[in-house]
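Q: Hi! Could you walk me through this one with me asking as we go?

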Amino acid sequence: MSDGDSSYGGWKNFRQMTRDRLLHEMLRTVKGETVASWKVLIMDEVTVKVMSNACKMADITDEGISLVEDLSKRRQPLPALEAVYFIQPIRDSVQKFIADMAGKTALYKKAYVFFSSPLPRDYLNLIKSEQLLLSRIAALREMNLEYLTIDTQGFSTDNDKALVQLFGELSEGTRDYEVCLDTIAYRLSTVFASLKEFPLVRYRAAKSSAPNSVTATTGRDLVPTKMAAALWERLMKYKTTLANFPKTETCELIIVDRSVDLVAPIIHEWTYDAMCHDLLDMDGNKFSYEVKLNTGRSDKKEVLLEEHDPVWLELRDLHIAEVNLKLDEKMQQFGAKNKAAQIRLGAKEGQELSTRDMQKMVQALPQYRDQIEKLSLHIHIATVINNKIKEDALDEVGNLEQDLVFGDATSKELISILNAKQELSAENKLRLLMIYAATHPEKLDATKRLQWMKLARLTGDDMNAINNLEYLGVSVTKKTSGGFSLKFGSRKNKRSLRKERAEEEGAWKLSRFYPVLQDLVEDLVKGELSKEEYPYVKEPANGFPTSQGSNPNSPASAGKPQVFSRRTNRPAGTTWASKGRSMDEGSNDSRSSNHSRKPMGKRIFVFVIGGITRSELRIAHKLTAQLRREVVIGCSSVDSPQQFIRKMKGLSSLDDVEL
């Protein structure tokens with residue numbers, strides 16, 4: 001299903017619903033019937049991101065917008081045109097709006113004002129105090145939509161500094177801590193206000209709430225608890241102030257922080273989407289590359305890897321080896337269906353088309369341009385990724401990463417690869433050490449860290465990222481008895497030893513790893529999510545179905561995935577790309593397709609404070625198809641492994657690292 005598809009009897013995914021609200025409930029309500037009634041759209045720093053993440057410029061133009069302007073910049077007066085303001089209800093944006101429209105000569109004929117979240121009474125009174133301004137306001141509404149759609153089933157509150165401001169060395173008790181929590185909470189609340197959903201809220205409990213816990217509670221531990229409380233307060237206000245907002249629970253929400261799974265942001269994930277954002281130099285979803293022209297010169301191109309590209313939509317959640325097979329298959333199919341094109345290009349019968357051949361075909365046969373260009377793009381991307389896998393020995397690195405996670409490797413294997421592969425990049429060495437520290441607490445004392453720093457040829461700044469895992473609940477260094485301890489797993493959380501799932505038939509090697517969020521959602525649906533570790537803000541209303549009752553297509557007999565011992569016997573001699581099958585066998589993996597059936601049950605939301613990864617977005621797609629309940633993943637930011645490591649380095653100053 002493409003992002004623009006509205007099939008399934010009117011059902012629309014999360015991003016589509018957000019897009020429709022912006023286009024239909026905001027812009028279309030003020031759209032005129034003639035060209036003369038076209039309007040100017042003015043947005044601030046945050047709302048322009050909200051709009052651009054959900055809508056294309058063509059969508060906005062179709063709704064009668066002729067010009068888009070930046071509120072913060074000096075603008076030319078257009079007194080003959082009406083303006084639509086989509087802005088935050090903050091002092092700076094409100095004052096700039098007043099300055100535009102309250103003078104003797106306003107910048108625009110009339111203003112239709114839409115606020116992204118509730119307007120404080122003080123600012124409303126400020127607007128009311130300007131009589132000229134009031135006469136020029138044609139409409140004033142609260143849209144309650146202040147989040148970025150990052151995927152068909154993902155959103156961000158755009159708080160990139162949340163990890164440092166909430167979990168950093170000096171975060172506790174600071175104004176930044178409180179402001180960050182409050183900002184995330186009200187932006188998160190607009191998700192539910194926008195969708196008219198009232199969630200049953202659960203959150204990851206602080207360590208001290210576990211029975212017999214002797215660990216002191218810090219502000220870091222309380223982040224999910226405080227977030228849940230702040231969100232609940234806003235939801236209660238919506239019940240009394242927002243029209244058509246539900247009075248009883250309509251969906252489920254779990255609030256966690258990044259400490260719930262510290263491996264997911266670091267490990268090499270082998271699916272196409274994740275590898276693109278990990279291994280390619282991308283700017284958000286924008287990929288830049290060069291194409292050779294017939295003249296011999298190079299032409300730089302930029303593309304967005306998003307849902308409007310059907311090839312991307314089909315491939316994004318597949319293992320990179322599966323992507324290679326799919327692209328080869330598509331090339332063969334295209335060649336078979338377009339023999340006339342091959343003949344025109346002088347290709348021989350049965351000859352494979354290269355990327356260069358396809359570029360020539362684009363020039364010779366413009367009717368195939370879109371199809372060929374998309375295929376050519378993804379073949380180029382896959383080639384770049386495969387080359388990087390070989391150059392950086394990522395097959396060996398990836399094997400060791402997953403062995404460390406599932407208990408099939410120890411420091412012996414880690415030291416061995418550091419000795420044998422001195423050419424490994426500093427980043428990959430650091431990622432291995434961080435995964436080891438996160439999965440083997442209390443193993444790195446100061447002496448051992450110094451030894452490993454020298455062996456891996458890392459800097460003190462690199463080692464700071466390992467040491468700072470302490471701030472997210474990992475006991476990197478063994479603590480002396482009697483002192484304060486940030487003991488990993490002291491929430492009585494067994495998930496630090498990730499259970500290995502039964503191997504799927506025909507599964508690719510290096511696909512064993514899965515994010516902990518998958519366990520949480522599955523346990524929630526089965527009614528097996530611990531109330532001790534994940535308490536409710538308020539117990540469910542009468543009869544609210546919190547397990548299989550919410551999912552009419554979930555078999556009641558479904559059991560937990562098979563759990564293996566920490567040391568597993570795995571087949572030797574397989575290549576990096578396959579487990580139990582060769583690269584040439586092809587695949588009928590249902591994971592390659594987007595969910596083709598309408599979700600039936602109540603929505604499930606998971607919100608991660610401190611950022612998420614591409615692999616966690618993939619879980620939303622996978623579980624939606626399996627459970628037939630739309631799973632939506634929210635976060636304060638979406639981070640590549642490189643971005644997460646930079647943030648980890650910034651949690652404390654370098655002076656705090658004992659080497």
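Q: Where does Glu442 sit?
A: Glu442 is in the loop between helix H18 (426–439) and helix H19 (446–456). Helices here are DSSP runs of H or I with at least four residues, strands are E runs of at least two, and both are numbered from the N terminus. This is a predicted model: local features need pLDDT of at least 70, side-chain atom pairs count only at pLDDT 80 or more, and totals for chains, interfaces and linings use all residues. Residues are numbered from 1 along each chain as its sequence is written, and side-chain values use heavy atoms, with hydrogens and water left out.

Q: Is Glu442 buried, exposed or partly exposed?
A: Glu442 is partly exposed, because its relative accessibility is 23%. Buried means under 20% relative accessible area, exposed over 50%, and partly exposed in between, using a 1.4 Å probe and protein chains only.

Q: And how far is Glu442 from Val474, C-alpha to C-alpha?
A: Their C-alpha atoms are separated by 8.3 Å, with the two residues 32 apart along the chain.

Q: On to the sheet. What is the strand order?
A: The order is S6-S7-S13-S12-S9-S8, in an open sheet of six strands with mixed pairing. Two strands pair if DSSP finds at least two bridges between them.

Q: Which strands are at the edges?
A: Strand S6 (148–151) and strand S8 (199–203), each of which pairs on one side only. Neighbouring strands of this sheet are turned by 25° against each other on average, direction ignored. For such angles, axes are lines fitted to C-alpha atoms, for helices over the stretch in contact, and values run from 0 to 180 degrees between N-to-C directions.

Q: How do S6 and S7 pair?
A: S6 pairs with strand S7 (residues 154–156) in the antiparallel sense, over three bridges. Leu148 stands opposite Ser156 in S7.

Q: Which strands does helix H9 lie across?
A: Helix H9 (residues 223–241) lies across S8, strand S9 (251–257) and strand S12 (604–609), and runs at about 160° to S8. Helix H21 (residues 516–526) lies across S8, S9, S12 and strand S13 (631–635), at about 145° to S12.

Q: Switching to rings: how many aromatic pairs are there?
A: There are 13 aromatic pairs. Rings of Phe, Tyr and Trp (its six-membered ring) pair if their centres lie within 6.5 Å; planes under 30 degrees apart count as stacked, over 60 as edge-to-face and the rest as tilted. Among them, Phe192 and Phe605 are edge-to-face, at 4.9 Å centre to centre and 65° between the planes. This pair links distant parts of the chain, with Phe192 in helix H8 (residues 175–195) and Phe605 in strand S12, 413 residues apart.

Q: Are those two buried or exposed?
A: Phe192 is buried, with a relative accessible area of 0%, and Phe605 is buried at 1%.

Q: Which residues form a ring cluster?
A: Ring pairs link Phe14, Tyr147, Phe155 and Phe607 into a cluster.

Q: What about helix H23, then: why call it largely enclosed?
A: Seven of the nine residues of helix H23 (residues 641–649) are buried, so the helix is largely enclosed by the rest of the structure. The buried ones include Phe644, Ile645 and Met648. The buried residues of H23 pack against helix H7 (162–167), helix H10 (272–279), H18 and helix H20 (460–467), where contact means heavy atoms within 4.5 Å.
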